[in-house]
Amino acid sequence: MKTISENQTLGIGLRVLSGFLFAAMSICIKATSGQVPVGQIVFFRSAFALIPLVIFLWWRNEFPRGLATRRPFGHLLRSSLGAAAMFASFASIARLPLAEATLLTYLSPTFTSIAGVVLLSERLTKWRVGGVLFGLAGVVTLVWPEIGHGVMDDARMWGYILGLLMGVLTSFALIMVRSLSRTEHLGAIAFYFVIASMIGGLFTVPFGWVMPDNTQFALLVLAGLFGGFAHIAMTVAFRHAEASLLAPFEYLAILWPILADLLIFKSPLSSTFITALPLILAGAALAAMEGRRRRPLS
């Protein structure tokens, strides 16, 4: 029987930690989204995520020399897609229960597998087809009861639309990461994404930023720090353990938003969410199945 090594145990621990930190980031975003504009949240999240990222790159002797690039336009496209996905994600979180908004992020592997077929001429396999079918079934299960009976309000409708848009944008961004990682440092890819997101957030200043109070400011800062440390923990986790070993812990991360909805935001879980949950997670697992056989990008 194959045993788990000390390094693999560390990788699992870091993957669980990253899931918790991403959830903590989302909780901070959800808590401020009613008072602070999305663009302002994106700026703070990106600006304060830059602090742990720069420290991590400097510790690895990748800052600033690791930021040199031969593909500036590739970074521009990847960063723009990633920043747009962040805007869509945060706007979805503002309009939906946190668990539902988080569940929609698990559609990204499904969209990525299809984008790989369309853009990179990768082979359409049973895993990818199965992932798409399960993912679509989960989305229909989640939204159809309200749409079919005409009881869905505009906020929830836009929350679902933005969540799906986030999944599509993230899939294209991940395709670009796959391409850039062949020649570029991963630290540079992450760094330029954060910078682009900060700039995107600044562009929203004319649309009305607010002066956050002390609690809101603390939550915005924490959102950035949690997000930055979560990305680092996930990256290091994949250096210690294979993606196939870490996959179950990736899908267990949905537990944190569920608990946050129940205990913090006092939002009960809907029956449609409970039904859609296994379908969408199964779709994500199937779509990512082939990727588990390749070396992870991180």
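Close-up 1. Asn61 is found in the loop between α2 and α3, in a model that is predicted. The phi angle of Asn61 is near 60°, which is a positive value in a residue other than glycine. Pro64 lies in the loop between α2 and α3 as well, and the peptide bond that leads from Phe63 to Pro64 is cis, with omega near 5°.

**Close-up 2. The packing of helix α2 against helix α9.** Helix α2, made of residues 38-59, packs on helix α9, made of residues 214-240, at an angle of about 45°, and their axes are 7 Å apart. At an angle of about 45°, α2 and α9 are therefore oblique to each other, and α2 passes α9 in a right-handed crossing. On the α2 side the contact is made by Ile41, Phe44, Arg45, Phe48, Ala49, Pro52, Leu53 and Phe56, while α9 contributes Phe217, Leu220, Val221, Ala223, Gly224, Leu225, Gly227, Gly228, Phe229, Ile232 and Val236.

**Close-up 3. The crossing of α3 and α8.** The axes of α3, which spans residues 72-95, and of helix α8, which spans residues 186-202, come within 8 Å and cross at roughly 55°. With a crossing at roughly 55°, α3 and α8 are therefore oblique to each other, and the crossing of this pair is right-handed. From α3, the residues His75, Arg78, Ser79, Gly82, Ala83, Met86 and Phe87 meet Ala188, Ile189, Tyr192, Phe193, Ala196, Ser197, Gly200 and Gly201 of α8. The residues of the contact of α3 with α8 divide into eight nonpolar, six polar and one charged.

Close-up 4. Helix α5 (residues 108-120) and helix α12 (residues 271-287) have axes 7 Å apart and pack at an angle of about 40°, in a crossing that is left-handed. Here Pro109, Thr110 and Ser113 of α5 meet Gly283, Ala284 and Ala287 of α12, and the residues of this contact between α5 and α12 divide into three nonpolar, three polar and no charged. Val132, which lies in helix α6 (residues 126-148), touches Thr110 and Ile114 when residues up to four places away in sequence are not counted.

**Close-up 5. Helix α7 and the cap at its N-terminal end.** Helix α7, formed by residues 154-180, has 27 residues and reaches 38 Å from its first C-alpha to its last, close to the 39 Å expected at 1.5 Å a residue. Asp153 caps the N-terminal end of α7, where a side-chain oxygen of Asp153 lies 3.2 Å from the backbone nitrogen of Ala155.

Notes:
Residues numbered from 1 in each chain as written. Predicted model: local features only at pLDDT ≥ 70, side-chain atom pairs only at ≥ 80, totals over all residues. Heavy atoms only, no water. Axes fitted to C-alpha atoms, helices over the stretch in contact; angles between N-to-C directions. Helix = DSSP H or I, 4+ residues; strand = E, 2+ residues; numbered from the N terminus. Parallel < 35°, antiparallel > 145°, perpendicular 65-115°, else oblique. Left-handed = near helix turned anticlockwise from the far one by under 90°. Contact = heavy atoms within 4.5 Å. Expected span 1.5 Å × (residues − 1). Polar contact = N/O pair within 3.5 Å; in protein donor to acceptor, adjacent residues only side chain to side chain. Nonpolar A, V, L, I, M, F, W, Y, C, P; charged D, E, K, R; others polar.
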